[in-house]
Amino acid sequence: MELDAGLAERLAGIALGHVSQEWPQKLDHVLTGPADLVAPSILHPVFHGSFDWHSCVHAHWMLARLLRRFPAMPSAPAIRARFDAAFTEAGVAAECAYLARPASRGFERPYGWAWLLKLQAELDALPNPVWGARLAPLADIFAARFRSHLPMADYPSRAGMHTNTAFALTLAADWAEAQDPALLALMRETAWRWHEGDRDAQAWEPSGEDFLSPTLMEAACLARLLPRDRFAPWFDRFLPWIGARKPEALFTPARVSDRTDGRIAHLDGLNLSRAWCWRRLAGTLAGPDMRRAVMEESAAAHLAASMPHLDDHYMGGHWLASFALLALDEVGGTTA
């Protein structure tokens with residue numbers, strides 16, 4: 001399954017259907033007094049749709065990515081209009097002011113931080129420079145938070161949900177590579193400090209609410225941040241039994257028993273993000289390698305399990321399409 005113009009239009013339609021939908025809304029918001037009891041669109045003039053702040057950010061990322069890949073797609077005028085309406089100086093200033101609250105220090109760490117930087121990198125790559133220029137002050141704040149937080153983060157978070165640090169570094173690396181080589185170096189050093197000694201992964205997953213594979217996400221992170229000659233021997237130690245399809249859990253798509261349950265629906269995201277990781281990891285292999293076919297087959301199986309369900313219910317519909325795009329648009333390989 002590959003990304004083509006027809007599928008791109010379907011994904012864009014899903015995002016345009018909810019990216020400005022304020023309700024229902026799940027806030028990451030610390031109340032310090034009665035004055036903080038205001039509507040999401042007041043707290044977050046730019047990103048108050050898509051059920052929660054981070055999903056709204058990555059819905060905009062998906063629209064920006066699709067617009068860059070398919071600039072003549074039928075939804076292109078609607079995407080441009082959405083960006084004109086969302087990315088205003090006043091709106092971004094209000095988002096920045098929200099982050100200046102002492103109670104917002106941990107807001108969306110690290111998941112939302114990373115998605116915002118990935119969105120910024122995509123906007124910066126579009127022909128229209130206005131949208132990226134307007135959002136840039138917000139990206140600068142989150143980049144500064146990464147710079148401050150990573151040196152004090154003694155341990156990674158290996159969770160299968162939002163706190164996963166490998167996922168965050170993987171996404172944020174796009175912006176850092178283009179804008180801040182020193183931050184990229186810090187990300188690389190931190191990922192290696194956290195994971196250098198990991199080997200023979202057992203993959204006790206999935207948990208019942210995962211949308212990320214802690215095991216595969218760690219490998220995909222180091223594939224993104226390390227040069228190939230440094231990554232390859234680490235990967236051989238970390239997952240030495242891929243040819244035998246072990247650990248078995250990594251090759252078995254998760255079953256989703258109830259797509260109206262927001263936490264159980266996470267498992268569709270797990271299938272999509274595993275497909276993304278397997279495709280990325282397959283792209284790191286040099287020359288003939290029997291593991292490549294195993295990885296590609298697993299990616300295809302995971303995609304097949306959840307691609308038909310991107311918009312079955314709003315609990316998945318407000319975010320799954322972005323994860324589908326990560327997998328479908330993956331070109332593989334490592335970044336030196």
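Predicted model: local features only at pLDDT ≥ 70, side-chain atom pairs only at ≥ 80, totals over all residues.

In which helix is H302 found?

Tutor: H302 belongs to helix α13, which covers residues 290-306. With a relative accessibility of 0%, H302 falls below the 20% limit and therefore counts as buried. Leaving out residues up to four places away in sequence, H302 touches L250, F251, T252, P253, N271, R274, A275 and W278. For a sense of distance, take E9, which lies 293 residues from H302 along the chain; the C-alpha atoms of the two are separated by 22 Å.

Now to helix α10, residues 214-225. Two packed helices are described by the angle between their axes and the distance between those axes. Start with helix α9, residues 181-195: the axes of α9 and α10 come within 10 Å and cross at roughly 140°. On the α9 side, L184, M187, R188, A191, W192 and H195 take part, and they meet E218, C221, L222 and L225 of α10.

On to helix α11, residues 228-238. The axes of α10 and α11 also come within 10 Å, and they cross at roughly 170°. That angle makes α10 roughly antiparallel to α11. This crossing is right-handed. Here T215, E218, A219, L222 and A223 of α10 make contact with F231, W234, F235 and F238 of α11.

Setting aside neighbours within four places in sequence, E218 is in contact with R158, A166, H195, D198, W234 and F238.

Finally, a wider view. In soluble globular proteins, nonpolar side chains tend to be buried together. The largest nonpolar core of this model has 112 residues, and F47 and F146 have the most contacts inside it. Helix α3, residues 53-69, supplies the largest share of this core, ten residues. At least three residues of the core come from each of domain 1 (1-113) and domain 2 (193-330). Looking at F47 itself, and not counting residues up to four places away in sequence, its contacts include W53, C56, V57, H60 and F87. F47 also touches E95, L116, L119, L135 and L138.

Conventions:
Residues numbered from 1 in each chain as written. Heavy atoms only, no water. Helix = DSSP H or I, 4+ residues; strand = E, 2+ residues; numbered from the N terminus. Buried < 20%, exposed > 50% of the residue type's maximum accessible area, 1.4 Å probe, protein only. Contact = heavy atoms within 4.5 Å. Core = buried A, V, L, I, M, F, W, Y, C linked by side-chain atoms within 4.5 Å. Domains from an automatic or database assignment. Axes fitted to C-alpha atoms, helices over the stretch in contact; angles between N-to-C directions. Parallel < 35°, antiparallel > 145°, perpendicular 65-115°, else oblique. Left-handed = near helix turned anticlockwise from the far one by under 90°.
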